[in-house]
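Q: Could you take me through this structure? I have not seen it before.

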Amino acid sequence: MKKKKWTALAAGTMLSAMVLAACGGDDGGSAGGEGEGGGSSEGLETRIVTIATGGASGPYNIIGTTLASEFSDAFGVNSKPQTTGASVENINLIKEGKVEMAFVMSDVLTEAVDGTGNFSEPVDQVQQIAALYPNFVQIVTTADSGIETVDDLKGKRVAVGDQNSGVEVNARNLLEGHGITYDDIEVDYLGYAEAADGLRSGQIDAAFLTSGLPNSSVLELSKSLDLSMVSVDPAKVEEIAEEQPYFISMEIPADTYGNEEAVPTAAIMNALVVSSELSEDDVYKLTKEFFDSLESLENSHQAASDISLEGAQEGMVAPVHPGAQKYYDEQ
């Protein structure tokens, strides 16, 4: 894959933005807007860093909330998380200039870069900062459901995530890899919290809750319901990965949700992406602050403990923003 080159804003554009800012004509509502801190060693050119995350109870939102706080404290900008339907919506928000940064799954990001699946054409406005931590496909059911493998989902009512979310995309792809289509199951498009409620009430038989470990909705559910985690055969994951290379075989460790043994499943790396319209200097500073904040991010959610400087440069599936690349080159 060829990496797209980013060029700096032309001098005339910078001058116009400065004039608008001086006249109070720029409210800083779009990606890459210039602010009072522009060009300073401490501040950013943009005044707003909105981070698109996912469902309110998911790791994206929890980690993103902490990261936004770190950005606000470090740069004095208006940084906040935005609760969304996750990956597909997040990429579209960046494309439309409505957010500056987002958490996404690598399967959806691959589709965006290639212009396939949920995207009719390549999305040029999105560039990658880092590969993050693995999202584990957690297929949750009740102990008395009789569902033990993916094949057992046929004929069952299954929550597959919010429609067009990263969860739903990988659920669909994983099912198709097992020869199962949505015609073979009763599909419910439910996010984490709604899926947990559906399992608790008996309205659904199983649910895909793909996320970092542990998923707070599953953790809470395990305290009141006798849960069972559906296994995914590692050999099958390898077979599916021949067509969908972002799938890797991993295990949900024993006792994550009271499970006595580790559960084999599939996983997909998460990615932190940014608008290509942000300047090289801004993204350099944001990238540096991201890595400087890893301890705080880990304290907010255990999944962030799998983020590392070394691992962040492996498994990238989108062009790297020049600002992030500058940071990596200095390490």
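This is a predicted model: local features need pLDDT of at least 70, side-chain atom pairs count only at pLDDT 80 or more; totals for chains, interfaces and linings use all residues.

Q: How many helices and strands does the chain have?
A: The secondary structure comprises twelve helices and eleven strands.

Q: And what percentage of the residues is buried?
A: Of the 331 residues in the chain, 52% are buried. The accessible surface is about 14,200 Å², and carbon and sulfur atoms account for 45% of that area.

Q: What share of the contacts links residues 24 or more positions apart?
A: Among contacts with a separation of 6 or more, such pairs make up 73%.

Q: Let us turn to the helices. At what angle do H9 and H12 cross?
A: Helix H9, residues 280–292, and helix H12, residues 322–330, cross at roughly 55°, and their axes come within 7 Å. H9 is therefore oblique to H12. The crossing is right-handed.

Q: Which residues make that contact?
A: From H9 the contact uses Glu-280, Val-283, Tyr-284, Thr-287, Lys-288 and Phe-291, and from H12 it uses Pro-322, Gly-323, Ala-324, Lys-326, Tyr-327, Tyr-328 and Glu-330. By class, the contact has seven nonpolar, two polar and four charged residues.

Q: Which residues of H12 are buried?
A: The buried residues of H12 are Pro-322, Gly-323, Ala-324, Tyr-327 and Tyr-328.

Q: What do those buried residues pack against?
A: The buried residues of H12 pack against H9, strand E4 (126–136) and helix H11 (309–312).

Q: How does H2 cross H9?
A: The axes of helix H2, residues 59–75, and H9 come within 10 Å and cross at roughly 120°. H2 and H9 are therefore oblique to each other, and H2 passes H9 in a right-handed crossing.

Q: Which residues take part there?
A: H2 contributes Leu-67, Glu-70, Phe-71, Ala-74 and Phe-75, while H9 contributes Lys-285, Leu-286, Glu-289 and Phe-290. The contact of H2 with H9 divides into six nonpolar, no polar and three charged residues.

Q: What about H3 and H4?
A: Helix H3, residues 87–95, packs with helix H4, residues 106–114, at an angle of about 40°, and their axes are 9 Å apart. H3 and H4 are therefore oblique to each other. Their crossing is right-handed.

Q: Which residues meet in that pair?
A: Ser-87, Val-88 and Ile-91 in H3 meet Val-108, Leu-109 and Ala-112 in H4. This contact holds five nonpolar residues, one polar residue and no charged residues.

Q: Which residues are joined by a cis peptide bond here?
A: A cis peptide bond joins Leu-213 and Pro-214, with omega at about -10°. Pro-214 is in the loop between strand E8 (206–208) and helix H7 (216–222).

Q: What is the phi of Ala-86?
A: Phi of Ala-86 is near 80°, which is a positive value in a residue other than glycine. Ala-86 is in the loop between strand E2 (78–82) and H3.

Q: Is Ala-86 buried or exposed?
A: Ala-86 counts as buried because its relative accessibility is 13%, and the cut-off for buried is under 20%.

Q: Which residues does Ser-165 touch?
A: Leaving aside residues up to four places away in sequence, Ser-165 touches Gly-85 and Ala-86. Ser-165 lies in the loop between strand E6 (157–159) and helix H5 (166–177). At 2% relative accessibility, Ser-165 is buried.

Q: And Asp-255, where is that?
A: Asp-255 is in the loop between strand E10 (247–252) and strand E11 (263–275). Phi of Asp-255 is near 70°, a positive value in a residue other than glycine.

Q: Is Asp-255 buried or exposed?
A: Asp-255 is exposed, because its relative accessible area is 58% and the cut-off for exposed is over 50%.

Q: Last one: how far apart are Asn-299 and Thr-66?
A: Asn-299 and Thr-66 are 233 residues apart in sequence, and 9.3 Å apart in space from C-alpha to C-alpha. Asn-299 lies in helix H10, residues 294–300, and it counts as exposed at 64% relative accessibility.

Notes:
Residues are numbered from 1 along each chain as its sequence is written. Side-chain values use heavy atoms; hydrogens and water are left out. Axes are lines fitted to C-alpha atoms, for helices over the stretch in contact, and angles run from 0 to 180 degrees between N-to-C directions. Helices (H or I, at least four residues) and strands (E, at least two) are DSSP runs, numbered from the N terminus. Angles under 35 degrees count as roughly parallel, over 145 as roughly antiparallel, 65 to 115 as roughly perpendicular and the rest as oblique. A crossing is left-handed if the near helix is turned anticlockwise from the far one by less than a right angle, and right-handed if clockwise. Contact means heavy atoms within 4.5 Å. Ala, Val, Leu, Ile, Met, Phe, Trp, Tyr, Cys and Pro count as nonpolar, Asp, Glu, Lys and Arg as charged, and the others, Gly among them, as polar. Buried means under 20% relative accessible area, exposed over 50%, partly exposed in between (1.4 Å probe, protein chains only). Accessible areas come from the Shrake-Rupley method with a 1.4 Å probe; for residues, only the protein chains shown count as cover.
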